Amino acid sequence: MSHTVITTTTTSSRTSGDGLLNLGYIRTVPGLLKMGQTVALLIAFLCVHCVRGWPNWPAFQFFEVVVLWFLVVLLLLLIMHLFRLQGKMSCINWPLTEFFHYSVGAILVFIASIVAAVNSEGVSALVAASVFGFLATFLMAVCLWTSYSVTCGSHQTGTMTVTTISMSHLHELWFVLG
């Protein structure tokens with residue numbers, strides 16, 4: 001009696017050609033999430049940076065520094081994906097790096113947004129900054145979830161394996177291992 005086990009997995013390519021710039025990444029879900037985070041963090045930073053007469057100077061400096069820091073790191077990650085540089089720097093575990101960035105970023109931007117919302121005292125630009133900070137936090141949490149599923153989930157190899165196992169082979173294997 002023989003048993004046949006067939007395992008098939010497929011992979012899809014998300015690149016747009018072999019050129020220098022990978023514009024196809026922007027049309028993917030991670031690319032769209034990064035673009036949304038970039039816009040939300042940029043608007044939040046500009047709202048705080050351009051307002052005059054802050055009601056609580058240290059609170060909004062904290063917000064400004066946190067938002068600017070994660071905006072710069074996010075732009076670097078976006079540039080890495082757009083120019084396919086993560087493939088050339090294989091010594092760094094990029095999914096784990098992005099997971100760490102999103103986990104720390106979501107927590108710190110959330111805390112900074114709470115601080116900004118509490119200390120805004122009705123200044124509309126500061127309220128808008130905290131709202132965009134909360135939006136960026138939500139987008140970072142979504143990216144954290146997707147990077148977690150990529151980092152800790154099942155990995156597909158893109159190969160097809162066909163294995164035929166007979167009962168006599170199983171007994172031989174059991175004898176060798178046992």
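Reader: Leaving aside its neighbours within four places in sequence, which residues is Met140 in contact with?

Author: Met140 is in contact with Gln37, Leu41, Phe70, Tyr102, Gly105, Ala106 and Val109, where contact means heavy atoms within 4.5 Å. The model is predicted, with pLDDT of at least 70 needed for local features and 80 or more for side-chain atom pairs, while totals for chains, interfaces and linings use all residues. Residues are numbered from 1 along each chain as its sequence is written, and side-chain values use heavy atoms, with hydrogens and water left out.

Reader: Which residues have the most contacts inside the largest nonpolar core?

Author: They are Leu41, Val48, Phe63, Val109 and Met140, in a core of 27 residues. Such a core is a set of buried Ala, Val, Leu, Ile, Met, Phe, Trp, Tyr and Cys residues joined through side-chain atoms within 4.5 Å, buried being under 20% relative accessible area with a 1.4 Å probe and protein chains only. Two or more residues each come from α1 (29-50), α2 (57-82), α3 (94-118) and α4 (124-152); helices are DSSP runs of H or I with at least four residues, numbered from the N terminus.

Reader: Why are α1 and α2 called roughly antiparallel?

Author: Their axes, lines fitted to C-alpha atoms over the stretch in contact, cross at roughly 150 degrees and come within 9 Å. Angles over 145 degrees count as roughly antiparallel, and α1 and α2 are therefore described in that way.

How values were computed
Buried means under 20% relative accessible area, exposed over 50%, partly exposed in between (1.4 Å probe, protein chains only). Axes are lines fitted to C-alpha atoms, for helices over the stretch in contact, and angles run from 0 to 180 degrees between N-to-C directions. Angles under 35 degrees count as roughly parallel, over 145 as roughly antiparallel, 65 to 115 as roughly perpendicular and the rest as oblique.
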